[in-house]
Amino acid sequence: GMFSQMGVVLAGPLRGWARLIFAFAIPVGIALVYCGYRFFTATATDEAVWWGMVTLGLLLMQGFIKEWFYARMNLLSVLREVKRLQLQVAVLEEKRG
């Protein structure tokens, strides 16, 4: 499932970067919720614009973090399948020749 693939990313070749990005995503998510709350509770227009821009920036950051993480999960999944196919081809060549 997805959680096992996340575990593979956190234990894979770029585990240091993956752990750093994962740890960075948590405070970004918390800040996103806080800034969104401040945006919706703002009374002045300039205050709402400020918190809206900050919320939008954090939302973009969170989106890019998730995109990197999911792309990494996909890469490791495809790489695992390619290795499996290489093994099957090697076994078939051995049987043939």
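**A first look at the helices**

Among contacts between residues at least 6 apart in sequence, 64% join residues at least 24 apart in this protein. The model is a predicted one.

Visitor: How many helices and strands does the protein have?
Guide: Happy to start there! From the N terminus on, the elements run α-α-α. The secondary structure therefore comes to zero strands and three helices.

Visitor: Is the protein a compact globule or more spread out?
Guide: The C-alpha trace spans about 80 × 20 × 20 Å along its principal axes. For 97 residues the globule rule gives 13 Å, but the radius of gyration is 21 Å, well over that value, so the protein is more spread out than a compact globule.

Visitor: How are α1 and α2 placed relative to each other?
Guide: Helix α1 (residues 2–11) packs with helix α2 (residues 15–41), their axes 6 Å apart, at an angle of about 120°. On the α1 side the contact is made by Met-6, Val-9, Leu-10 and Ala-11, and on the α2 side by Arg-15, Ala-18, Arg-19 and Phe-22. By class, that contact has six nonpolar, two charged and no polar residues. Because angles from 65 to 115 degrees count as roughly perpendicular and those over 145 as roughly antiparallel, the two helices are oblique to each other.

Visitor: What span should helix α3 have, and how far apart are its end C-alpha atoms?
Guide: Helix α3 (residues 45–96) has 52 residues. At 1.5 Å a residue, these should span 76 Å, which agrees with the distance between its end C-alpha atoms, 75 Å.

Visitor: What covers the buried residues of α3?
Guide: Those buried residues include Trp-51, Leu-58, Ile-65, Phe-69 and Leu-76. Their cover includes α1 and α2.

Definitions and conventions:
Residues numbered from 1 in each chain as written. Predicted model: local features only at pLDDT ≥ 70, side-chain atom pairs only at ≥ 80, totals over all residues. Heavy atoms only, no water. Axes fitted to C-alpha atoms, helices over the stretch in contact; angles between N-to-C directions. Helix = DSSP H or I, 4+ residues; strand = E, 2+ residues; numbered from the N terminus. Parallel < 35°, antiparallel > 145°, perpendicular 65-115°, else oblique. Contact = heavy atoms within 4.5 Å. Nonpolar A, V, L, I, M, F, W, Y, C, P; charged D, E, K, R; others polar. Expected span 1.5 Å × (residues − 1). Buried < 20%, exposed > 50% of the residue type's maximum accessible area, 1.4 Å probe, protein only. Rg over C-alpha atoms; globule rule 2.2 N^0.38 Å.
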